[in-house]
Amino acid sequence: MGTTIIHVVVLALLLILGFSPPPPPPELEEGILVNFGTDETGAGLIEPSAPALQEEASPPPAVNPVNSQEEDALLTQNNEEAPEVKKVDPEVERKRLEKVEADRQLREQLEAERIRKAQEEAERKRIEAEQKRQADIMNRTRDALANSRNTGTTSTGEGDAGGAGNQGVPTGSVDSKVRGDGSGLGDKGISYDLQGRGFQSLPAPKYDYQGEGRVVVEVSVDRSGRVTQAIPGIKGSTTLDEYLLKVAKDAALLARFDPKPDAPLTQKGSITYNFILK
């Protein structure tokens with residue numbers, strides 16, 4: 001009995017543990033690897049690039065007429081407000097345009113004034129250089145004449161006021177007999193040049209000043225004979241004294257010449273004022 005029981009137990013254990021079938025191996029895909037292609041024929045050793053995928057055009061979705069009308073009704077607005085346009089007051093706009101025009105004219109006047117002053121300054125410098133040159137020539141000429149006339153004389157002075165000295169002015173002429181006791185400017189102290197055009201009046205400058213010299217004024221004369229512009233101190237002047245330049249300009253603006261309808265619109269000439277020391 002014992003032997004039988006032991007064999008039954010051992011047999012049962014062998015059946016349970018030793019004789020169980022092994023698990024089946026995993027299934028493997030078996031087959032032949034085939035080259036990728038799109039045709040049954042071909043030649044070459046390099047695989048061509050894959051063609052671009054083309055998406056199939058799908059037909060547009062059907063539109064439901066009822067839904068479309070509802071969407072149009074939602075998107076449509078019949079009472080859209082237009083943007084407000086400001087109304088411009090004509091009077092305000094006119095004043096603005098007038099101010100712009102006035103500013104433009106003011107800028108032009110300032111620019112013209114700047115150019116005129118620059119031209120006058122350049123002319124003054126040129127006159128100063130010319131006066132210096134003429135003064136040097138005059139001094140050398142006067143010295144030469146005085147030396148030639150007085151050679152061999154023993155005179156130490158000349159004049160009619162009495163006392164020692166040579167009465168006169170340094171810029172005067174040795175041939176002049178006016179020694180400072182003249183009556184100032186008169187008609188003989190004024191000359192003009194206007195290309196043969198006659199004059200009606202050449203007022204003398206209002207001159208009450210201890211100064212002398214010659215002031216040449218450039219004048220612009222219209223067809224009626226009126227002086228429209230006067231520039232004192234041009235070439236030929238021997239002084240740049242501001243007072244003499246001013247009175248010469250004022251006198252030139254008061255001058256009147258003969259009317260000449262066939263004359264240029266603006267005829268230029270000159271008036272010369274000789275100021276004599278009183």
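I began with strands β3 (residues 213-221) and β4 (residues 227-232), which run antiparallel and are joined by 5 bridges. Strands here are DSSP runs of E, at least two residues, and helices are runs of H or I, at least four, numbered from the N terminus. Two strands pair if DSSP finds at least two bridges between them.

A reminder to myself: this is a predicted model, where local features need pLDDT of at least 70, side-chain atom pairs count only at pLDDT 80 or more, and totals for chains, interfaces and linings use all residues. Residues are numbered from 1 along each chain as its sequence is written, and side-chain values use heavy atoms, without hydrogens and water.

Next I looked up the bridge partners in β4: V227 for V221 and P232 for V217. The hairpin of β3 and β4 has 5 residues between the strands, and G225 in the turn shows a positive phi of about 100°.

Then I widened the view. I found an open sheet of 4 strands, antiparallel in pairing, in the order β1-β6-β3-β4. β1 (190-193) and β4 are at the edges with a single partner strand each, so one side of each has no neighbour in the sheet.

Last, I checked Q267, found in strand β6 (residues 267-275). Q267 counts as buried because its relative accessibility is 4%; the cut-offs are under 20% for buried, over 50% for exposed and partly exposed in between, with a 1.4 Å probe and protein chains only. Leaving out residues up to four places away in sequence, I saw that Q267 touches L194, Q195, R197, V219, S220 and V221, where contact means heavy atoms within 4.5 Å.
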